[in-house]
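Try each task on your own before reading its solution.

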Amino acid sequence: MNVLRLIDRVFPLQTVFAHCDVPCGIYDPKPAQIASETVIKMVEKIQAFDNKTATVADRNTFVRAVWTKEEHARKCKEELLILWTDFFKPEHLTMFPELHDTFWKAAKLCSQNKQTVDMKAAQELKKAVDEIAGMFAKAKAAGQK
Amino acid sequence: MLPSFYEGDCVLTFNWVKPKVGDVVVFKSKNILKIKRIYKILGTRIMVRGDNRKSSSQERPITPKNLVGKVIVKY
């Protein structure tokens with residue numbers, strides 16, 4: 001092996017990684033669930049806004065609600081993508097054949113909730129995220145057996 | 001890749017052998033080099049995963065074009 005070490009001095013080593021990031025192994029659907037519930041609350045606030053009687057303070061709250069809906073829909077998507085690409089493994093497809101479709105539709109709903117003020121879409125997002133949380137719990141329980 | 005490879009291990013790769021299931025390979029992924037083990041080969045799609053299954057990140061199938069080489073020695 002000393003020969004290889006000598007060669008390393010002539011041809012510098014390249015670093016390779018076993019992961020794309022730090023594999024903390026901490027996964028939880030709760031942040032996505034909270035984000036989806038926040039989206040529902042913000043849609044409620046935005047829809048309750050009365051443009052005719054609004055004060056400057058009300059308008060400020062309205063803008064903040066829009067921004068918060070946008071931010072939490074984005075966060076929800078980010079959290080879902082972490083679960084989809086890092087936590088769930090190919091073998092989970094046996095347990096959940098619809099896994100990819102469920103995540104894909106949930107991610108689409110995140111985008112839809114950013115673009116629109118639609119209570120139906122917000123509730124569908126929460127339902128989809130809760131469904132994923134259920135799959136996560138089952139997958140985790142199966143992994144601990 | 002624990003327990004097969006630890007941080008700081010050095011490996012030598014060769015690229016003139018055809019990869020097969022069970023081989024540890026170095027490949028390019030999004031402009032960085034990664035090391036993982038082949039668990040399935042479907043035509044030109046090479047499926048890889050880490051040995052430390054609990055912490056290993058999921059990897060998309062790689063193609064022979066992205067393969068740098070097979071690990072033949074650890075030192």
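## Chain B, strand by strand

From its N terminus on, chain B runs β-β-β-β-β. Before we start: this is a predicted model, in which local features need pLDDT of at least 70, side-chain atom pairs count only at pLDDT 80 or more, and totals for chains, interfaces and linings use all residues. Residues are numbered from 1 along each chain as its sequence is written, with chains lettered from A and ligands numbered from 1 in the order in which they are written.

**Exercise 1.** Work out how the strands of chain B are arranged in the sheet.

*Solution.* 
- Step 1: Take inventory. Chain B has 0 helices and 5 strands, where helices (H or I, at least four residues) and strands (E, at least two) are DSSP runs numbered from the N terminus.
- Step 2: Find the partners. Two strands pair if DSSP finds at least two bridges between them. β2(B), residues 24-29, is joined to β3(B), residues 32-42, by 6 bridges, antiparallel.
- Step 3: Write the order. The 5 strands make an open sheet, β1-β5-β2-β3-β4, with antiparallel pairing. β1 (11-14) and β4 (45-49) of chain B are the edge strands, each pairing on one side only. From one strand to the next, the twist averages 55°; that angle is between N-to-C directions, from 0 to 180 degrees, of axes fitted to C-alpha atoms (for helices, over the stretch in contact).

**Exercise 2.** Locate the turn between β2(B) and β3(B), and find what faces the residues of β2(B).

*Solution.* 
- Step 1: β2(B) and β3(B) form a hairpin with 2 residues between them. In the turn, Lys30(B) has a positive phi of about 50°.
- Step 2: On the β3(B) side, Ser29(B) stands opposite Ile32(B).
- Step 3: On the β5(B) side, Val26(B) stands opposite Gly69(B).

**Exercise 3.** Is Lys28(B) buried, exposed or partly exposed, and which residues does it touch?

*Solution.* 
- Step 1: Lys28(B) sits in strand β2 of chain B.
- Step 2: Apply the cut-offs: a residue is buried if 20 or more other C-beta atoms (placed from the backbone) lie within 10 Å of its own, exposed if 12 or fewer, and partly exposed in between. Lys28(B) has 14 C-beta neighbours inside 10 Å, so it counts as partly exposed.
- Step 3: Leaving out residues up to four places away in sequence, Lys28(B) touches Leu33(B), Asn66(B) and Val68(B). A contact here means C-beta atoms, placed from the backbone, within 7 Å.
- Step 4: Lys28(B) and Val68(B) are 40 residues apart in sequence, yet their C-alpha atoms are 6.9 Å apart.

**Exercise 4.** Turn to chain A and check the length of helix α3(A).

*Solution.* 
- Step 1: Chain A has 6 helices and 0 strands.
- Step 2: The expected span is 1.5 Å times one less than the number of residues. For the 32 residues of α3(A), residues 56-87, that should be 46 Å.
- Step 3: The end C-alpha atoms of α3(A) are 45 Å apart, which agrees.
- Step 4: Buried residues in α3(A) include Ala65(A), His72(A), Cys76(A) and Leu80(A).

**Exercise 5.** What share of each chain is buried?

*Solution.* 
- Step 1: For chain B, 24% of the 75 residues count as buried.
- Step 2: For chain A, the share is 23% of 145 residues.

Definitions and conventions:
Contact = placed C-beta atoms within 7 Å.
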